[in-house]
There are 2 protein chains.
Amino acid sequence: MDALRALWSARSVAVVGASTRPGAPGRLAVEFLLRYGYSGAVIPVHPSAPQIAGLPAYPSVAASPGAELALIVVPPAAVPAAVADCAAAGVRVAVVGTSGFGETGPDGLATQQALVARARGAGMRLVGPNCIGAVGFASGQVASFSPLFSGERTALRAGGIGFASASGALGFGTVSLALERGMGLLAAVTTGNEADVTALEVLAALAAEPGCTALLGYLESLADGPALRALAAARQATGVPVALLVAGRSAAGARAAATHTGVLATADRVVDGALRQLGIVRVSDVDELLDVGDAVTLARPPRGPRVGVVTTSGGSGILAADAVAAHGLRLATLAPSTMDTLRAVVPPYGAVANPVDVTAAVLRDRTLVSRALAAVAADPGVDLLVACFCVLAGSDVEAVVTALAETASTSGKPVLAARTGADHLAPEAGAALRAAGIPTYPTPARAVRAAAALYQSAPAATTARSGPASVGARSPHAVDRSAGERELKAWLAQAGVRVPRGRVVHDPADAPAAVAACGEPAVLKVVVPGLAHKSDIGGVVTGVSAAGAAAAARRLRQLPGATGVLVEEQVPAGVELLVGVAPSPLGPVLTVGAGGVLTEALDDAAVRLLPVTEADVRDQLAQTRVARLLAAHRGRPAADVDALVDLVLRVAGLAASLPPGAALDLNPVVVHAGGAVVLDAALTVDAPTTEDTPPAGAPPAGAAPAGTPPAGAAPATGTAAAAGTAPALTGGR
Amino acid sequence: MDALRALWSARSVAVVGASTRPGAPGRLAVEFLLRYGYSGAVIPVHPSAPQIAGLPAYPSVAASPGAELALIVVPPAAVPAAVADCAAAGVRVAVVGTSGFGETGPDGLATQQALVARARGAGMRLVGPNCIGAVGFASGQVASFSPLFSGERTALRAGGIGFASASGALGFGTVSLALERGMGLLAAVTTGNEADVTALEVLAALAAEPGCTALLGYLESLADGPALRALAAARQATGVPVALLVAGRSAAGARAAATHTGVLATADRVVDGALRQLGIVRVSDVDELLDVGDAVTLARPPRGPRVGVVTTSGGSGILAADAVAAHGLRLATLAPSTMDTLRAVVPPYGAVANPVDVTAAVLRDRTLVSRALAAVAADPGVDLLVACFCVLAGSDVEAVVTALAETASTSGKPVLAARTGADHLAPEAGAALRAAGIPTYPTPARAVRAAAALYQSAPAATTARSGPASVGARSPHAVDRSAGERELKAWLAQAGVRVPRGRVVHDPADAPAAVAACGEPAVLKVVVPGLAHKSDIGGVVTGVSAAGAAAAARRLRQLPGATGVLVEEQVPAGVELLVGVAPSPLGPVLTVGAGGVLTEALDDAAVRLLPVTEADVRDQLAQTRVARLLAAHRGRPAADVDALVDLVLRVAGLAASLPPGAALDLNPVVVHAGGAVVLDAALTVDAPTTEDTPPAGAPPAGAAPAGTPPAGAAPATGTAAAAGTAPALTGGR
């Protein structure tokens with residue numbers, strides 16, 4: 001059994017630092033375990049008190065009957081001894097709530113690392129420090145001191161949603177909002193500094209839990225690659241949808257690097273590409289996280305993206321249609337027979353095309369909504385329904401709820417609702433809709449956004465994105481760290497990647513023969529070891545004839561640092577792309593995007609984790625704007641997209657042959673009707689290696705000592721603090 | 001006095017169609033006027049009943065003591081007589097709630113137009129038909145039959161917010177949410193089919209109302225140009241902020257036109273550009289509309305965009321920082337002295353840089369928040385504050401509210417709050433924060449988004465965008481509808497717009513001399529009257545020498561329809577842009593964007609209403625991605641942006657000299673270090689004229705008879721129905 005299960009279903013919980021002082025964290029945790037009816041044993045640990053809150057207390061966990069889970073809330077200086085006590089006593093998981101470790105600087109970090117080492121040595125997992133604890137909802141296991149649980153009206157509600165949060169305060173704030181909505185939870189775990197256990201790892205463990213219906217997470221980095229892959233695998237295996245709010249977006253691009261690939265593989269792009277590739281929904285705010293949680297918990301997955309909208313308000317219908325277009329769904333085209341049926345239902349001043357507007361005539365005939373919903377749901381061109389209401393007054397509610405529930409159950413299609421009106425007009429509506437399994441949102445746009453997440457999580461969408469696994473050709477050998485353009489191109493050519501014909505000449509007198517061999521006109525490029533951008537120093541001459549070759553080569557040879565001249569065939573113009581491989585905290589990533597002069601101006605790129613499938617690469621290309629240039633246009637034939645995909649897959653396959661931490665930057669790659677050719681290639685080798693990713697037990701990136709990243713450094717992933725624009729990871733206490 | 005004032009402050013209201021039947025619209029309206037204490041005279045009009053709801057009833061308005069406002073809720077067939085009665089009785093505004101007019105088809109449209117004509121003839125304004133009425137909050141003037149006002153707990157709250165909505169149901173749904181939040185309203189008017197009065201016109205009238213603090217609107221089109229300009233002028237004069245939700249976004253691009261300018265000046269881009277130009281905030285959903293309404297009503301305008309974030313949760317701080325970057329604000333850099341002050345307040349595991357994280361230590365020392373807020377607010381580099389809290393339990397509230405209110409009042413800077421936790425933990429907090437003048441939001445991102453709107457509405461932001469008025473050079477004469485490339489270029493040159501040297505030859509034998517005159521190498525282009533894209537038929541040859549000119553010209557002369565060959569100097573390569581002028585329902589608009597092959601692939605353009613100032617044009621360019629290519633890059637010098645701006649202003653000045661309804665499309669305009677040159681120019685004359693915009697009294701675009709727009713048709717503006725993807729404008733009953 002996964003030790004992390006103790007976070008929500010331990011048979012016994014020790015509170016180390018249990019206090020006799022009312023309001024102290026160690027007092028609150030004991031009180032909460034009692035108040036919420038925890039069914040296991042509660043073990044207060046206090047140096048001297050014989051009793052805490054009426055329970056027998058113990059001077060140490062080791063001296064107690066023992067505990068599977070321990071919540072440690074002693075002062076910072078006492079934490080090492082408390083961890084040692086727990087480790088010695090056979091605790092499975094120690095949750096350190098105390099702050100004052102990695103988030104305070106190098107000293108705190110060293111102490112924190114020692115805590116992890118101590119836990120590891122005993123086979124104990126460590127959550128935190130600097131978190132607010134963990135809660136199991138079915139058993140009333142509130143191992144937390146969040147003020148949420150002091151609320152007079154706070155009640156636990158057990159359900160299928162697993163939640164993990166790097167931030168304690170925001171995490172339990174989110175839990176409070178989820179409970180207020182009526183959502184049922186399985187577990188809520190806050191992970192603070194993530195010295196050992198990350199929120200991603202908690203989610204991966206929750207995915208295996210029976211009864212888990214959805215996973216929601218708030219993360220401040222996406223650096224735990226193994227846990228991310230484990231989570232994705234669990235999602236794939238169990239079908240449990242996952243939605244993540246990854247903070248630190250504004251850090252994107254702040255660690256600008258010397259290579260284009262480095263610039264474009266920003267932290268945020270890596271997060272975006274990785275989650276899309278793994279079928280995980282990314283949300284942009286807390287309310288959206290809960291909106292999606294409701295959709296995936298209450299509604300079944302749709303078989304496709306075609307939305308039928310039924311509304312009692314034309315305005316809501318238009319807003320829903322706008323959102324459908326904005327979130328990658330499609331407005332269903334209703335069959336003529338469906339519209340015929342609707343014509344008998346909808347008054348002449350309504351609308352029988354999608355969005356279907358039954359109008360306020362429903363106030364006179366309450367069967368209109370159910371008849372319209374049934375007609376739209378029966379249409380084979382509709383995969384899911386969004387029903388929009390505005391002011392829903394008390395007497396309307398029962399008819400509406402019944403109609404929605406019957407539609408969902410009869411059609412087998414998901415039905416979501418928007419209710420854009422004050423709660424007090426029908427206070428019972430929210431609970432009734434939830435009980436009927438209809439996720440309900442305050443606006444049409446939010447309903448549609450949730451529907452889009454429902455579709456993204458559905459097997460249908462995942463299947464559409466996947467394809468035969470392929471990682472492209474592998475290179476015959478590893479490339480050297482010092483490889484220049486010519487060596488890289490030779491290496492690429494061996495892997496079946498097309499490069500221009502060419503050769504390096506050292507004596508300008510040899511240039512005419514080289515031009516003749518490559519074909520006129522040729523391109524001459526200066527060879528300067530270590531120089532990334534030859535054009536910056538005037539080191540590239542195009543359109544060179546054999547006759548002019550010697551003079552051009554002579555001029556290039558005189559440039560500072562020149563060791564030779566590369567003579568190449570001049571490739572016909574085409575669409576210029578960038579293809580690159582760069583390290584990231586999640587392992588090597590593949591970038592494709594706008595190349596040449598457009599690279600920086602358009603900031604147009606998409607990133608995927610390696611390895612990739614052909615379907616991944618095609619989806620990745622479709623995410624860029626520059627790929628639209630590949631289509632036939634104004635008499636220009638379409639570029640050879642298949643050749644480009646083949647090239648990208650071959651480059652992807654070369655990632656394993658790159659020196660550790662190196663970024664490979666092919667820019668431009670020219671694509672035209674005749675194929676795809678790498679015009680320039682550079683290797684940046686001073687990037688940190690993927691091994692630089694903090695291992696478990698090392699501080700989170702946010703707590704790492706500040707420092708200027710080396711030129712060409714790979715971007716951090718999703719770590720707000722790494723860019724200096726956001727605070728260190730403090731667990732939000 | 002503006003007649004529209006009767007919509008919220010009439011001395012007497014007639015309900016035409018007052019009913020004895022409980023629940024009937026005409027019964028509800030009378031009951032609502034009584035229930036909400038309307039202080040004026042209520043005049044029920046009924047063919048025979050002597051009394052309605054205890055009030056004396058009259059057979060007609062003419063037979064009554066008279067009314068300033070009439071709400072007409074009789075069946076459709078009786079509406080013309082009711083309107084005639086009102087007109088004859090001297091009613092100032094008749095609000096027609098009844099449906100079944102323009103939204104049902106041509107017959108209903110004709111009836112609707114007759115209603116407007118009848119009203120106009122008597123100097124009476126007409127609101128609707130197909131709306132749910134109008135409410136004045138100070139006087140309890142509920143001239144509406146919305147079920148909102150039947151709610152047991154519904155109470156009016158008078159305040160400074162003016163609200164208008166094209167949709168009735170969505171409009172009163174929004175009003176119900178505003179009241180539930182505790183917002184105070186001045187008026188709420190629904191305009192339905194907008195046969196005469198538009199929501200924009202209502203907002204412009206509300207802007208002049210004493211006590212108006214903010215204007216919020218839900219629109220389904222932005223076609224009422226005069227009202228939009230009146231609203232913008234009122235906003236400028238009074239400083240009242242305006243926020244609009246314009247539905248129908250998904251219609252963007254659906255009426256694709258033949259010219260690039262047509263394609264790029266989509267309905268949604270026109271809406272976007274016009275609102276930005278006029279200093280009106282555009283929102284994307286109902287809750288955002290109310291979020292912005294709270295911010296601009298409760299908080300004062302900031303002097304700049306620099307945000308200081310103070311949080312008790314690191315996670316909230318990161319989310320706030322992300323949103324700051326996403327919404328065009330800036331995270332303030334705190335002064336060293338500010339951070340020194342904070343070091344004495346914030347525990348070591350918190351953060352003294354922005355976002356400032358005081359951590360959950362506030363639970364132990366409630367002065368921490370006020371001291372941290374005071375320090376950040378006193379920093380001269382901070383223009384506005386966003387304070388983030390999570391679980392806010394009962395006992396914290398008073399200290400937090402006091403601290404926030406004191407900070408706002410002492411510093412004179414706006415303070416907004418996020419509270420990411422369940423209401424029930426501190427049920428009084430919402431009202432207390434509102435009473436203290438602190439707009440409060442459920443998440444940090446929503447607080448920051450509202451702060452961004454507050455800044456967009458502030459005089460500081462408006463001033464930053466404006467500049468000396470200038471509409472560029474005016475042309476010496478109007479251009480002819482049949483002008484081809486050469487004639488257009490001559491016309492442009494007369495207006496000081498740079499075009500390549502060139503001449504048209506008819507005999508290929510004259511081509512070499514023409515090339516010699518223009519300079520080698522030259523470009524040869526076929527002349528085919530009416531052909532927009534010469535390259536599609538191979539009609540453009542570049543790099544032509546004098547020696548090769550005759551042969552190239554001969555080949556071009558043989559193309560179908562060729563009447564000659566244009567010989568031009570070959571302009572050096574540069575950044576290719578599109579500059580265009582096109583008609584729109586709001587009058588002519590100016591488009592700039594990516595040109596050449598990038599035009600369609602990047603879909604990168606920004607639109608402004610004409611006339612424009614130089615500041616408008618610079619802001620417009622800054623909105624495009626392609627403008628980033630104009631900067632110096634990789635050894636290439638910066639392009640001459642001033643020359644481009646001068647060119648765009650000159651083109652803008654030519655708009656008045658275009659034939660009615662014509663679109664002028666300059667693509668590409670090449671910009672390099674040496675200037676900006678128009679390489680190709682085309683005029684599309686079969687676009688509908690701006691006079692095609694429905695005049696007041698004509699049906700809204702959504703109700704217009706369906707039809708395929710002519711090729712080259714100008715895009716509709718914001719009218720969802722025009723694209724066939726959204727239902728006809730039904731007023732949302």
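**Exercise 1. Find which elements of chain B each supply at least two residues of the lining of the second largest cavity.**

Step 1. Helices (H or I, at least four residues) and strands (E, at least two) are DSSP runs, numbered from the N terminus. Bear in mind that this is a predicted model, where local features need pLDDT of at least 70, side-chain atom pairs count only at pLDDT 80 or more, and totals for chains, interfaces and linings use all residues. Residues are numbered from 1 along each chain as its sequence is written, chains are lettered from A and ligands numbered from 1 in the order in which they are written, and side-chain values use heavy atoms, with hydrogens and water left out.

Step 2. H5(B) gives the most to this lining, with three residues. Among the lining residues you can pick out Ile161(B), Phe163(B), Thr174(B), Val175(B) and Ala178(B).

Step 3. Now sort the lining by class: eight residues are nonpolar, one is polar and none is charged. Here Ala, Val, Leu, Ile, Met, Phe, Trp, Tyr, Cys and Pro count as nonpolar, Asp, Glu, Lys and Arg as charged, and the others, Gly among them, as polar.

Step 4. The second largest cavity holds about 50 Å³ of space, and the whole structure has six cavities of 30 Å³ or more. On a 1 Å grid over the protein atoms alone, a cavity is a set of points where a 1.4 Å probe fits but cannot get out, and lining residues have an atom within 4 Å of a point. Points are joined across faces, edges and corners, and the volume is the space filled by probe spheres set on them.

**Exercise 2. Describe the contact between chain B and chain A.**

Step 1. Each side brings residues to the contact: 85 from chain B and 85 from chain A. Contact means heavy atoms within 4.5 Å.

Step 2. Together the two chains bury about 6800 Å², with 63% of it on carbon and sulfur atoms. This is the accessible area (1.4 Å probe) that two parts lose on being put together, summed over both.

Step 3. Two salt bridges are counted between chain B and chain A. The term asks for a side-chain nitrogen of Lys or Arg within 4 Å of a carboxyl oxygen of Asp or Glu. Arg446(B) and Asp287(A) form a salt bridge through their side chains (3.0 Å, N to O).

Step 4. On the side of chain B that touches chain A, the elements giving two or more residues include H5 and helix H16 (444-457) of chain B. That side has 35 nonpolar, 31 polar and 19 charged residues.

**Exercise 3. Which parts of chain A does the pair Glu68(A) and Arg11(A) tie together?**

Step 1. The side chains of Glu68(A) and Arg11(A) meet in a salt bridge (2.7 Å, N to O).

Step 2. Glu68(A) sits in the loop between strand S4 (55-56) and strand S5 (69-72) of chain A, and Arg11(A) in the loop between helix H1 (6-9) and strand S1 (12-16) of chain A, so the pair joins parts that are 57 residues apart in sequence.

**Exercise 4. Where does Pro611(A) lie?**

Step 1. Look in the loop between strand S27 (605-609) and helix H22 (614-622) of chain A.

Conventions
1 Å grid on protein atoms, 1.4 Å probe; cavity = no way out; pocket = protein on both sides within 12 Å on 5 of 7 lines; lining within 4 Å.
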